[in-house]
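Reader: I am new to this structure. Please take me through it by question and answer.

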Amino acid sequence: GASFGEGSPLPGTNGNAIIFSHALPELFGNLNRIKKNDYVHIFTNDDWYVYQVYKTETVNPDKTSVLDSNGSAELTLYTCVGLDWSRRFVVKAKLLSTPELY
């Protein structure tokens, strides 16, 4: 399954909610197909949240700055990519202020 980043805030709150998962078909296997302006729906025990993708990038594993918070409510999805899983695919998304419109 997916894992919630230890120490990261809950979805829907200020800060960077981080979700990690393997690039398996039933998990984040198709994550690299997501594009800027796509929507990500996060369902928790308490509510659901809609985020909009503003950036995707492929980085080396040592570029941990992609996990830093910019201070606003955002989401980072993080998985392995590449022939030998040596790179990381990162999706950055911002919480929409009016998710009921989507």
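Author: A salt bridge here is a side-chain nitrogen of Lys or Arg within 4 Å of a carboxyl oxygen of Asp or Glu. The model is predicted: local features need pLDDT of at least 70 and side-chain atom pairs count only at pLDDT 80 or more, while totals for chains, interfaces and linings use all residues. Residues are numbered from 1 along each chain as its sequence is written, and side-chain values use heavy atoms, with hydrogens and water left out.

Reader: Which residue does Lys63 form a salt bridge with?

Author: The closest N and O atoms of this pair are 3.4 Å apart. Lys63 has 34% relative accessibility and therefore counts as partly exposed (buried is under 20% relative accessible area, exposed over 50%, partly exposed in between, with a 1.4 Å probe and protein chains only). The partner of Lys63 is Glu57.

Reader: Is Glu57 buried or exposed?

Author: Lys55 also forms a salt bridge with Glu57, with 3.4 Å between the closest N and O atoms. Lys55, at 37% relative accessibility, counts as partly exposed. Glu57 has 18% relative accessibility, so Glu57 counts as buried.

Reader: In which strands do Lys92 and Glu74 lie?

Author: The side chains of Lys92 and Glu74 meet in a salt bridge, at 3.8 Å from N to O. The pair links distant parts of the chain, 18 residues apart. Strands are DSSP runs of E with at least two residues, numbered from the N terminus. Glu74 belongs to strand S5 (residues 73-81) and Lys92 to strand S6 (residues 87-95).

Reader: How many of the residues of S5 are buried?

Author: S5 pairs with S2 in the parallel sense over 6 bridges, and Thr76 in S5 is the bridge partner of Ile18. S5 is mostly covered, and the count of buried residues is 8 of 9.

Reader: Which residue takes a positive phi in the hairpin of S5 and S6?

Author: This hairpin has 5 residues between the strands. The phi in question is near 100°, and the residue is Gly82.

Reader: What share of the 102 residues of the protein counts as buried?

Author: The C-alpha atoms fill a box of roughly 40 × 25 × 25 Å, taken along the principal axes. Of the 102 residues, the share that counts as buried is 38%.

How values were computed:
Helix = DSSP H or I, 4+ residues; strand = E, 2+ residues; numbered from the N terminus. Pairing = 2+ DSSP bridges.
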